[in-house]
Amino acid sequence: MATTVRDYIDKAKRVQLGINKEIEDILYWNEEEVLDLNREEQIFKKGIDINGALLGKYKDDSDGQTRGYPKEGGTPFNFYDTGELFSKFSLLSKVSQNKVVIENSDGKAKLLADKYGEFVGLTKENQYKLNYEIIYPYLMKFIKQYL
């Protein structure tokens, strides 16, 4: 237990020096959960882009008989066909720049984005979830172990 101001300052410096590495570790441990904010919450369930706008809707005469997940008329696009697009999401942390970047290496991603809008990345709502529901609890635990 720190008893002097110098002890507290030394511990605070250790936290400061280790915080970027800790955030990178948190993102690594929770990568699938972070990616699911984009691919499951936004695209598959809601059919929205990074700004929260609807990507589009299936034609009203769609009978759901297509490849991939059923596509019912009037429901939002979910971009799920073979599952390939969803399997190509990856997380790139740029902690030193205070950024987390979600990427998709599927060749169809750019074509879909050009046609329907940017969908690889998090909405403001999901950025909040990332920061306060995923990163924050682990970060507070890390900080408390030193201070």
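The legends below describe close-up views of a predicted model.

Local features are described where pLDDT is at least 70 and side-chain atom pairs count only at pLDDT 80 or more, whereas totals for chains, interfaces and linings use all residues. Residues are numbered from 1 along each chain as its sequence is written, and side-chain values use heavy atoms, with hydrogens and water left out.

**View 1. The largest nonpolar core has 30 residues.** A nonpolar core is a set of buried Ala, Val, Leu, Ile, Met, Phe, Trp, Tyr and Cys residues joined through side-chain atoms within 4.5 Å, where buried means under 20% relative accessible area with a 1.4 Å probe and protein chains only. The members that touch the most other members are Leu27, Phe79, Ile102, Phe119 and Leu130. At least two residues each come from helix H1 (5–29), helix H2 (31–46), helix H3 (84–87), strand S1 (89–94), helix H4 (107–116) and helix H5 (124–146), and H5 gives the largest share, 6 residues. Helices (H or I, at least four residues) and strands (E, at least two) are DSSP runs, numbered from the N terminus.

**View 2. Leucine 130 and the residues it touches.** With contact taken as heavy atoms within 4.5 Å, and leaving aside residues up to four places away in sequence, Leu130 touches Leu27, Val34, Leu37, Val100, Leu122 and Ile135.

**View 3. Strands S1 and S2 form a hairpin.** S1 pairs with S2 (residues 99–104) in the antiparallel sense over 6 bridges, pairing being assigned if DSSP finds at least two bridges between two strands. Phenylalanine 89 has asparagine 104 in S2 as its bridge partner. Between the strands lie 4 residues, and asparagine 98 in the turn has a positive phi of about 60°.

**View 4. The largest pocket holds about 440 Å³ of space.** Among its 17 lining residues, Asn98, Lys99, Val100, Leu130 and Asn131 are the closest to the centre. A pocket is an open set of points on a 1 Å grid over the protein atoms alone, where a 1.4 Å probe fits, with protein on both sides within 12 Å along at least five of seven lines, and lining residues have an atom within 4 Å of a point. Grid points are joined across faces, edges and corners, and the volume is the space filled by probe spheres set on the points. H5 supplies the largest share of this lining, 7 residues.

**View 5. The second largest pocket has a volume of about 230 Å³.** The closest to its centre, of 16 lining residues, are Phe79, Asp81, Leu85, Lys108 and Leu112. H3 and H4 each give two or more residues to this lining, with the largest share, 5 residues, from H4.

Methods:
Buried means under 20% relative accessible area, exposed over 50%, partly exposed in between (1.4 Å probe, protein chains only).
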